[in-house]
Amino acid sequence: MWLSGLQIPESYLTALVQATCRKNGWPLDRSTLFTQVTKFQDAEEVNERAGQGCFVSGLYLEGADWDIERGCLIKSKPKVLVVDLPILKIIPIEVHRLKLQNTFRTPVYTTSMRRNAMGVGLVFEADLFTTRHISHWVLQGVCLTLNSD
């Protein structure tokens, strides 16, 4: 799914959670999204089904870089402000089953201004693996955006 192409991407993610909850009999108010960054760089490389979730392309990482080999956040290269994030797998999950360690809950915004014309910008929070303390990435202002403008 090219999430950047949607007018209101939150509605797609909400529908994804609702459909999964209905299918598995989970309570909607006790469900959330879990994300994994895959090793796929392009949508054409994806040759498997996402199961209960979906694969999302078109996300940009600000304030950091992504190490594909180790699958974690790394310090950005000099003079490189924004990089393409590999394909992200979004999986609806029950909150009590979600156990995150060494993970930075990264905000995903609609634009690089971190808001749209209506003053709303946060779409969801993605889980990015890190070997550094979370405060390092918060101070770096790390976020994901749907548009690289």
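**A loop residue, a helix and a buried glutamate**

Analyst: Asn102 is placed in the loop that joins S7 to strand S8 (103-109), where strands are DSSP runs of E of at least two residues and helices are runs of H or I of at least four, numbered from the N terminus. The model is predicted, so local features need pLDDT of at least 70 and side-chain atom pairs pLDDT 80 or more, while totals for chains, interfaces and linings use all residues. Numbering starts from 1 along each chain as its sequence is written, and side-chain values rest on heavy atoms, without hydrogens or water.

Asn102 has a phi near 55°, a positive value in a residue other than glycine. Lys79, likewise not a glycine, has a positive phi near 65°. Lys79 belongs to the loop between strand S5 (72-74) and strand S6 (82-84), and Lys79 is exposed, at a relative accessible area of 86% (exposed is over 50%, buried under 20%, partly exposed in between, with a 1.4 Å probe and protein chains only).

Strand S7 (88-94) is one of the elements against which the buried residues of H1 pack, together with strand S1 (31-37), strand S2 (54-56) and strand S9 (122-129); contact here means heavy atoms within 4.5 Å. Helix H1 itself comprises the 16 residues 9-24 and spans 23 Å from first to last C-alpha, close to the expected 22 Å at 1.5 Å a residue, a figure multiplied by one less than the number of residues. The buried members of H1 are Pro9, Leu13, Leu16, Val17, Thr20 and Cys21. They lie on the same side of H1 because they cover an arc of only 125° around its axis, taken from the directions from axis to C-beta atoms. On the other side of H1, Arg22 and Lys23 are exposed. Directly after the helix, Gly25 adopts a positive phi of about 75°.

Glu62 is part of strand S3 (residues 60-62). Glu62 is buried, with a relative accessible area of 12%. Leaving aside residues up to four places away in sequence, Glu62 touches Leu81, Val82, Ser112, Arg114, Gly141, Val142, Cys143 and Thr145.
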